[in-house]
Structures are given as C-alpha cells and as structure tokens.
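Subject: Structure handover

Hello,

Here is the structure you asked to take over. Please look through it before reading the notes below.

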Amino acid sequence: MNILFSTYPTAFHTPGGGEVQLLQYREFLPAESVNVTLFDPWEPSFQQFDVVHFFSCMSGSLHFCAFIKSLNLPLLVSPNLWITEDNKGNYPFDEIRTMFVLADRVVCNSNMECALLAKVFNIPREKFSTVYNGVNEEFFEPSDPRLFRGTFGIDGPFVLNVANIEARKNQINLIKAMREFPHLKLVLIGYQRDPEYAKACFAEGGDQVKYIGSLPHDSPILKSAYAACELFALPSTLETPGLAALEASACGAKLVITDEGCAQEYFGKGAEYVRHDDVSDIVRGIAQMMSQPRSLISTLVTRANFTWRQAARTLADLYREVKSGEVIHSITDGFHEIEYDGYRLFAWSLPEFGFSSAPGELKFLWRSVHQTLVDIFIDGLIVQRDLKVYREWSYFTLEIPHRKGSSNSSLHFKLRASDENWIGGKFHGVAMAEVTLTPFKSDHNGLPLAALDVPFIKNLTNFYSTETTVFRRQAWVRREPAFDCEPGLLTFWWSSLAGADVDIFVDDIAVQRNIYVSPDGAFHTLTIPHNGNSYRHVRFVVDAKQSQFGGDLRELAVAIGAFSLDNQTLIAN
C-alpha cells in the first residue's frame, strides 16, 4: 500500500511527541508492506496514494482534510488530543469535529482517548481506533548512566523531565514541588517551545534546575539520562501519554506522571499519578516513588506491548481495513496493565507474549489461575516445552544467550491449558513479577561469557553464555576453552557445525590428540587423574573450519554441555 503522511506546516519547527510518532511510523511501516511518502506541496500527486494520514488537529488543518475527501481518498486523522467538556472552549471545537466527521477513521493513542473524543464530539465510537504509542527498541539496550553524568557534569541524584518547555508540560509546578527535595537536582531536556514560560521556569528554579537543551531522539546520551535519574517526572496538564514517559519506562526509570489523560492505560500501577494543578500532590508523588526500588516489570510490559514495530503492525491493519472494509487484527500477544497486590507489582499476560532481552540470567516470579503449560522460544528456537506454571508464585530462571549480530535476543512465550477449567479474560495467561536480569560477564570483544552451573567445575574461560536446547544445556566455546575440574571420569556432550579436531590437555600435558567432533555430536569421556590436588586444569585446543562461519567472533567451533563426573570409579581403580 502507498500512504501519504501530512501535518500542519510548522509542526517540525519545535517537534514533539506527535512529530516523533509520525517519523517512527514512517520508519517501521515498510516492514508491513506499507510505503510512506511525506507530503510535498510542490509535487502533491495525491491520486497515487491508497490512504492519506493527517497528523494533528491544529486550526487550519480542516482545509487540507476536506480537499483530500473531495478527491474520494480514504483519510485517517491522528489528533493527539485530550479534550473534555470543561476545556473544549479552548479549542477550535467545530473545526475539529468537522475533521473527525470527514475522516474515515480517527486514530487515537488509547481506548480512553477514543471513548472521550467520541463522547465530547458526539460521534459514534466506531469511528475511533486505538494505535498505542511505541518505543524504539534501542531504549531497551543497557545504558551506562556515567555517559550522561560525565557529559554534563552531574554528580548527585536528580529528577528528570524530558519535554518541550511550555505551559502544557507544567514544568513550573514541578519546579515548585522540587523545593521540598533540596538534595535533588531537576534536569530539564527539551525545546523551549514557549521562551517566556521557559524564562519563568529558570527564574523559579534557580540553581536547583539544570537545563540541558534538546537532545536528538536517538541520542545515547538521552538513554543514559533515563538510566541515571532517580525518577522521571512529567506532571503535565494532560498526556496521551508522553513518549518520553514510555522511553523512561523502557529504561527502567520510576515514573511520576499526571493523572489527566490516558497514561494509566499504559502504565497501570507501574507509575505514581499526580494532580498537575496541586504542587503538594506532586510532592507526594515524588516522595512516594523515591522510596520505591526500580521494577523491571514496567520495562517488561513496555517491551512486550509498546514498540514502534507493534504500532506499525496495528496501523498497517487499519489502513487495509479502511481500504478494503475487512476487519483485520494481527496483535494477539502482550500484557494487561500493571497491577499491585500490596506486596509486589505484577502483570497478567495474554495467551502469547514476547519481548527482547539482553544476554544474561533472567529471573522472575510467575503464577497462573489454573495450571498452565508454557513453551518458551528464544530467537525462534524452542528452549522449554510444556513447562508447568502453578497457582502459587514460584521463581523461574532463564539464561538468555548471546545473539550473533545483535546485543538482544527475542523471547516468545506460548501458553495453553493443562485442564479444561481454564477461564477467559486476563486469567487466560500467567502473572509475572519481580523481574531481574543479571548480565553475563563478557570477554574483550564484549561477548557474554558463561558460568556453567556444574558443582565440580570452576574457573571457566572462553565459554560463551549457556543455551538451553530441547535436549540439554550447552555453551559454545572459543579456540581454547579451559576450566578446573575435580578428579574423576568426566563425561560430556559436544558437537560442531562442520566438524572440528580437538587436542585435550590436563595441567598442560596432552592426554588426547586429534579427537574428531562431528556435527551430529556425541558423548565423550575424559579421565581427570588424581595428583594430590582437589582440581586439575583442563584445556581444549580446537581446530575448526572457521572460514565457514562468516567471521562470527564466537567462531562456533564446538558446543559443550551435559557434564557429569564419576569419581568413585576412578578412586576404586
């Protein structure tokens, strides 16, 4: 499909969330077989497009939208608007309503926004569709807080606000609230959309406020700022929600957000909500979140539900629906909103869910209402089958391996009932809480090294992160893997991609030479003799057909796993 994007003429003078949204759709829609063209008034060529998508409802936009409909082209409008009966007099109400009536579909950022606009403008709810905002997947990558601190000379704890500086973002009340926390700096990042308002903010805040200016949306320094802050505060007059809040959540920051708008549909109990016009309530929200630890459950839900890839999938379905009249739904996985039971934050999943993760040891609590069976896939390969999740909370640990060519792996969970009493709704899934990720130690190339959970082996070198296959746990090695092992008959499984020859040394003495390791794999036994020490040093020298592996830094020479040790037989002999 060919889609035309347009917005009001001065939108990108001081770009905000709506402009970021437009550009992110443009980046990710081609993967859904949707070609996007930005409107060029010098070469409009309207008739070559299947659908026109207009972003904004600023005064004057009606003329463009009416012209599009005069050409009999399907029209979608993304208003990014939170309007109520009380404040509708502040907007060109009749003009906006006419735009909505003309549009084939009004695209909102939440179901709450859809319902509100339908009610306020007295337009059928069916006219409105939800496409949730997203986050670039780069925000899920680990970020070093020292980058931001070092760049701007910030040493102590600070609260972060990322937004255009203007009355709607309400920095002035946030600055007043910060007086109750003199030990904290307030760091502001964003354009000065209203210079006079910005000047008043800086005067009010004095030395407690540090204004950074704007940062590129894809800047690693911005990610570092989210990682470094004590909490992220956005007590705007309204949010639908702020993209910066989603980015902060993706980076694991604690959130204090306005209660006006639809942020609760995104963050559930994973944020503290405050009244924007009540400084004392903003103080309360900051104090409440300062006392709480960071929780990865918010990051997990954001990863699963709110990425631009998912937003593009939903929007592409909507374009096809408007064009053909056929209702299409491709989003069937993810999480419900975050809840709190008085002890922990948790979220219920849908029958399928997935997210990306950096390499490391992923640990979490989970439970189900009725016993549930789970299949877990990492990068498309099944690593756990028919895993049972019970009614009581229990911990589960999953090792995320290094992924060639990427710092993240893709996880996917598929659920099904183990009995006939499985009920519908959110309890069709599993609840997850207390999510932690412990990164693997890495080698000089930055690739994660393994720590095999084998009681008779220690001090591994040149082993990469453990992978779980359908049959066993194993780890790929570099050319010369080594470890210390107790004496005994050591048995292990090994395999290679295209064949490898291996020499084995015990305490630097060659004990086996030119042992062939086949692609089919096999068990191998090695005698680790006694010599008065409790551990002996074992070293493999691997000669693999490296040229066949495309320069992979792991070299994919040999995978080793399923270790066992029989020390009784050796002692008897």
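Predicted model: local features only at pLDDT ≥ 70, side-chain atom pairs only at ≥ 80, totals over all residues.

Residues are numbered from 1 along each chain as its sequence is written, and side-chain values use heavy atoms, leaving out hydrogens and water.

Helices are DSSP runs (H or I, at least four residues), numbered from the N terminus. Axes are lines fitted to C-alpha atoms over the stretch in contact, with angles from 0 to 180 degrees between N-to-C directions.

Helix α1 (residues 17–28) and helix α13 (residues 308–324) cross at roughly 80°, and their axes come within 9 Å. The two are therefore roughly perpendicular (65 to 115 degrees). Gln21, Gln24, Tyr25 and Phe28 of α1 are in contact (heavy atoms within 4.5 Å) with Trp308, Arg309, Ala311, Ala312 and Leu315 of α13.

Helix α2 (residues 61–70) packs against helix α3 (residues 93–102) at an angle of about 20°, with the axes 10 Å apart. That makes α2 roughly parallel (under 35 degrees) to α3. Ser61, Leu62, Cys65, Ala66 and Lys69 of α2 meet Glu95, Thr98, Met99 and Leu102 of α3.

A cavity is a set of points on a 1 Å grid over the protein atoms alone where a 1.4 Å probe fits but cannot get out. There are 2 cavities of 30 Å³ or more.

Regards

Notes:
Parallel < 35°, antiparallel > 145°, perpendicular 65-115°, else oblique. 1 Å grid on protein atoms, 1.4 Å probe; cavity = no way out; pocket = protein on both sides within 12 Å on 5 of 7 lines; lining within 4 Å. Points joined across faces, edges and corners; volume = space filled by probe spheres on them.
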